[in-house]
Amino acid sequence: MASLGIPQNTIEVLQKYHFNFQKKFGQNFLIDPNVLERIMDAAEITGEDCVLEIGPGIGTMTQYLCERARHVISVEIDKNLIPILEDTLAAYDNKTIINEDILKVDMNRLAEEYNGGKPMKVVANLPYYITTPIIMGLFENKVPLKSITIMVQKEVADRMQEEPGTKDYGALSLAVQYYARPEIVANVPPNCFIPRPNVGSAVIRLTRYEVPPVTVKDEKKMFELIRASFNQRRKTLVNGLGNARNLNLSKDRITKALEEMGLSPMVRGETLSLEQFARLSDLLYG
Ligand code: SAM
């Protein structure tokens with residue numbers, strides 16, 4: 001099968017199979033060889049890598065991955081794409097296609113089965129409607145990973161890199177920065193996809209830390225605090241956390257912890273760094 005990175009080949013496949021795009025699955029297929037090469041370079045795929053691809057579509061990026069990696073596991077939710085993938089990837093025997101919802105797949109088991117439990121690389125042009133749950137699922141389930149190189153909505157890529165005090169800084173920025181070093185490697189305009197998305201896109205590489213940049217006694221509690229802080233973003237931390245029923249913290253206790261950190265009781269969560277959230281969590285739960 002000819003390279004699907006070339007738009008004409010993609011159009012031929014879509015016509016041959018009378019494929020109907022499903023908006024609900026966030027289907028925007030890449031049709032730009034330069035962008036595909038860029039993603040491969042950023043992910044630094046070598047013949048030793050086992051790659052997990054989320055949402056292969058008609059197999060465009062999968063072809064590039066199969067050319068470079070030792071093994072590629074592609075998880076696709078849309079059953080109509082499975083016969084197409086069998087066709088477009090027929091030349092490769094280093095692939096496994098799984099027809100499943102990625103949010104229901106046990107990714108640790110995949111790493112075990114296809115890579116002896118060693119770290120895999122995730123490479124994907126993600127379905128934008130579930131970007132955050134996919135990323136959080138990879139991190140929170142402790143899937144063994146070297147890196148995640150993904151196409152996401154530009155705004156979401158920016159959010160992952162944000163620093164405290166900016167308007168887009170939030171729970172996603174903190175979670176990503178706790179687990180990985182984020183780096184935007186390319187901005188990608190809508191005309192690189194078929195059909196064109198309504199938003200700009202970016203490729204971001206998240207390189208997994210072996211050891212997180214801050215130490216905290218109870219990681220789970222820290223993320224509960226972070227989520228509660230940004231759920232009520234416009235409130236002071238004392239009110240935001242004090243009102244969060246699941247935390248069961250008195251306003252007095254929060255005020256004291258903030259004082260101990262040299263912070264005003266009027267401070268908002270959006271100004272705290274990852275390090276400060278870790279310290280606050282240790283003071284409240286340590
Ligand atoms: N990788 C292809 C490309 O670059 O041309 C397609 C990318 S498209 C943005 C997203 C793909 O993810 C679609 O093929 C869609 O059907 C698939 N998808 C959507 N939701 C999914 C889910 N929950 N689990 C697995 N795949 C999903």
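Is D158 buried, partly exposed or exposed? At 24% relative accessibility, D158 is partly exposed, a class between buried (under 20% relative accessible area) and exposed (over 50%), with a 1.4 Å probe and protein chains only. The views below come from a predicted model, where local features need pLDDT of at least 70, side-chain atom pairs count only at pLDDT 80 or more, and totals for chains, interfaces and linings use all residues. Residues are numbered from 1 along each chain as its sequence is written, and side-chain values use heavy atoms, leaving out hydrogens and water.

**View 1. D158 meets K154 in helix α7.** The two side chains form a salt bridge, with the closest N and O atoms 2.8 Å apart; the term stands for a side-chain nitrogen of Lys or Arg within 4 Å of a carboxyl oxygen of Asp or Glu. D158 and K154 are 4 residues apart in helix α7, so about one helical turn separates them. K154 is partly exposed too, at 26% relative accessible area. Helices here are DSSP runs of H or I with at least four residues, strands are runs of E with at least two, and both are numbered from the N terminus.

**View 2. D87 reaches K16 across the chain.** This salt bridge has its closest N and O atoms 2.9 Å apart. Its partners sit in distant parts of the chain, D87 in helix α4 (residues 82–88) and K16 in helix α1 (residues 7–16), 71 residues apart. K16 is exposed, with a relative accessible area of 55%.

**View 3. Helices α8 and α9 pack together.** Helix α8 (residues 171–179) meets helix α9 (residues 219–231) at about 155°, with the axes 9 Å apart. Axes are lines fitted to C-alpha atoms, for helices over the stretch in contact, and angles run from 0 to 180 degrees between N-to-C directions. The pair is therefore roughly antiparallel, the word used for angles over 145 degrees.

**View 4. Seven strands line up in an open sheet.** The order of the 7 strands is β4-β3-β2-β5-β6-β9-β7, with mixed pairing; two strands pair if DSSP finds at least two bridges between them. At the edges, β4 (95–99) and β7 (180–188) each pair on one side only. Strands β5 (residues 120–125) and β6 (residues 145–153) run parallel and are joined by 6 bridges, and M120 has L145 of β6 as its bridge partner.

Note on methods:
Parallel < 35°, antiparallel > 145°, perpendicular 65-115°, else oblique.
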